[in-house]
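Please look over the sequence and the model shown here before reading on.

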Amino acid sequence: MATFQNPTPTIVSGPWTREARERAVAQEVKLAYIEYFRKAVKSRNWIPWDDLPLKEMTEYGPKLSEDTVTLIQSFLGVEDYVGDYVLDALNTVHGRRERRNLQLQWGAEEAKHAEAWELVLLHSGVRTEEQLEAYRDQVAEHHWSMGENHPGFDTPLGLAVYAMVQERATYFNYDELRKRIRAEYGLPDQATAEERQRGQQIGAAGAFKIVANDEIAHHGMFLRIVDIHKKYFPYETLDMVLRVLKGFNMPALYILPDEENMKAALERTQLYTPLKHGRSVANPVLDALGFDNKRALERAVQQSKLLPIGLGPEHVAISRSGEFVVSMDTDTSEANATPVA
Ligand SMILES: [Fe+2]
Ligand SMILES: [Fe+2]
């Protein structure tokens, strides 16, 4: 019986028309999707109702502060817009099958997060079933869309760039909240030897660890999509990264029913400040995309505008300071280039 292996991308040299670039992106994104899906289903799968330490949440629940509870509830609200995020994304990437499939798998994972936060609030004894139902009904009264909340980012590329930053920010927030919960439980930041041995952190901290792990995987997946675009559409991609970094806001915060309480809790706890965003979200994103700092990205945006049309990724390298290095070793003239099949 034949065994099927992953197809490998065919490297074809120019001419690099827009269509050829789009096709190369689609081919590489498809491989990224297969790899992502395989890992997500085989090694990162979990079930909110079965795999979280619910009994411990009940035991440790009274230790949680009011601000922590408020923040968990707001994250329940943000995650509960998952239907809108998926709907919006599917419309935006319409016609791109590989992107559609990625968004579907991503959405299936995101849908578990609101359920996890509901379980945390319920089993910690800080919210009743009725309160949670009423809160989630209020959340559902609003509708989120990228175009309305983050105008200009509602394109297939903008979506990937925004998600890359947002997932990193969400990971940061959940990891900070996990540490805050642990401090309130009377535990150190990181897992104790006993927790490591059993493979799960205690109570609500265990839930935050699992969900944060999903978020950083999402960040990695969108980063890869952005990297693929950067290779074939350097100017458009880098310009979008710069725009998203400049205008970034977490999704749906401003349509939450408990917006005022959440803002006050954020202010008091200093969980997520502009300084922390720069240090723990924007800078790691820039670093992962191969830039020393924002200045380097700005330089790269300016320089990428000047790249000769038709120059393929095989001729271009970008330095960490944002300078483009163009190699003309390979003949790029149309007469000698192999057309993209
Ligand atoms: Fe999430
Ligand atoms: Fe996520």
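## The metal site

In what follows, a donor is an N, O or S atom within 2.8 Å of the metal, and because water is not among the atoms, a site may look incomplete. The model is a predicted one.

The iron ion (ligand 2) lies 3.7 Å from the iron ion (ligand 1), and E110 coordinates both. Distant parts of the chain are linked here, since E110 belongs to helix α6 (residues 97–123) and E215 to helix α11 (residues 203–232), 105 residues apart. With a relative accessibility of 5%, E110 counts as buried, and E215 is buried as well, at a relative accessible area of 1%.

## A glutamate in helix α9

E176 is found in helix α9, which covers residues 156–185. Its relative accessible area is 18%, so E176 is buried, the cut-off being under 20%. The side chain of E176 makes a polar contact of 3.0 Å with the side chain of K179, and, when residues up to four places away in sequence are not counted, E176 touches L271 and K276.

## Salt bridges across the chain

The structure contains 24 salt bridges. One of them joins the side chains of R96 and E22, at 3.8 Å from N to O. R96 sits in the loop between α5 (82–92) and α6, while E22 sits in helix α1 (residues 18–43), so this pair ties together parts that are 74 residues apart in sequence. R96 is partly exposed, with a relative accessible area of 31%, and E22 is also partly exposed, at 29%.

R136 takes part in a salt bridge with D80, where the side chains meet at 2.6 Å from N to O. This pair links distant parts of the chain, with R136 in helix α7 (residues 129–140) and D80 in the loop between α4 (66–79) and α5, 56 residues apart. R136 is buried, having a relative accessible area of 15%, whereas D80 is partly exposed at 21%. R136 also forms a salt bridge with E115, whose closest N and O atoms are 2.9 Å apart. Because R136 lies in helix α7 and E115 in helix α6, the pair ties together parts that are 21 residues apart in sequence. Elsewhere, R18, E22, R96 and E236 are joined into one network by salt bridges that share partners.

Definitions and conventions: Residues are numbered from 1 along each chain as its sequence is written. Chains are lettered from A and ligands numbered from 1 in the order in which they are written. This is a predicted model: local features need pLDDT of at least 70, side-chain atom pairs count only at pLDDT 80 or more; totals for chains, interfaces and linings use all residues. Side-chain values use heavy atoms; hydrogens and water are left out. Donors are N, O and S atoms within 2.8 Å of the metal (3.2 Å for Na, K and Ca); water is not among the atoms, so sites may look incomplete. Helices (H or I, at least four residues) and strands (E, at least two) are DSSP runs, numbered from the N terminus. Buried means under 20% relative accessible area, exposed over 50%, partly exposed in between (1.4 Å probe, protein chains only). A polar contact is a pair of N or O atoms within 3.5 Å; within protein, one must be able to donate a hydrogen and the other to accept it, and residues adjacent in sequence count only if both atoms are side-chain atoms. Contact means heavy atoms within 4.5 Å. A salt bridge is a side-chain nitrogen of Lys or Arg within 4 Å of a carboxyl oxygen of Asp or Glu.
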